[in-house]
Amino acid sequence: MLIGGLPFSARGPPMILDPSSVPERQSYRLMISAFIPRPIAFVSTRSRTGIDNAAPFSYSMGVSSHPMVLGVSIGERDGRPKDSARNILDTREFVVNLVTESLAEKMSLASGDYASDVSEFEEA
């Protein structure tokens, strides 16, 4: 059986994994398959120029309740921060929404690869 693209056996010796030996794509797959189920954090931001952005992230978690800290993992696109990350760094503001069944289709539409001057709110 494969978990995160790596071989796994429910029986036998424990798996010892050197993280530096695992390619980036495989380590991502391992991490997202190890922590399930994951609620989707639907993150909304606004750019400095007023363009609204919405994007789903399944790689998120509560880190602490006091102080309240939430972790959201936002990758890069073509070696640059994605719009959500750039907007958060620029404005220091964002909203995290949980995706309900009634929002699922709009969330899926918002996950598309849009130019930074396009509002996912309008597309969805």
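In which loop is Arg92 found? Arg92 is found in the loop between helix 2 and strand 9 (95–98), where helices (H or I, at least four residues) and strands (E, at least two) are DSSP runs numbered from the N terminus. The structure is a predicted model, in which local features need pLDDT of at least 70 and side-chain atom pairs count only at pLDDT 80 or more, while totals for chains, interfaces and linings use all residues. Residues are numbered from 1 along each chain as its sequence is written, and side-chain values use heavy atoms, with hydrogens and water left out.

Arg92 is not a glycine, yet has a positive phi of about 65 degrees. With a relative accessibility of 64%, Arg92 counts as exposed (over 50% relative accessible area; buried is under 20% and partly exposed in between, with a 1.4 Å probe and protein chains only). A positive phi, of about 55 degrees, is also found at Asp78, again not a glycine. Asp78 is placed in the loop between strand 7 and strand 8 and counts as exposed, because its relative accessibility is 72%.

Strand 5 (60–65) and strand 6 (68–72) are the strands on either side of the loop that holds Pro67. The peptide bond between His66 and Pro67 is cis, with omega about 5 degrees. Strands 5 and 6 run antiparallel and are joined by five bridges (strands pair if DSSP finds at least two bridges between them).

Apart from neighbours within four places in sequence, Ala41 is in contact (heavy atoms within 4.5 Å) with Ala55, Pro56, Phe57, Ser60, Val96 and Asn97.

The largest pocket holds about 620 Å³ of space. On a 1 Å grid over the protein atoms alone, a pocket is an open set of points where a 1.4 Å probe fits, with protein on both sides within 12 Å along at least five of seven lines, and lining residues have an atom within 4 Å of a point. Grid points are joined across faces, edges and corners, and the volume is the space filled by probe spheres set on the points. Of the 25 lining residues, Phe57, Ser73, Ile74, Gly75 and Lys82 lie nearest the centre of the largest pocket. At least two lining residues come from each of helix 1 (24–34), strand 4 (52–57), strand 7 (76–77) and helix 2 (83–91). The lining comprises 10 nonpolar, eight polar and seven charged residues; Ala, Val, Leu, Ile, Met, Phe, Trp, Tyr, Cys and Pro count as nonpolar, Asp, Glu, Lys and Arg as charged, and the others, Gly among them, as polar.

The second largest pocket has a volume of about 200 Å³. Its lining includes Arg77, Asp78, Arg80, Lys82 and Tyr114. Strand 8 (80–81) and helix 2 each contribute at least two residues to this lining, which divides into three nonpolar, one polar and seven charged residues.
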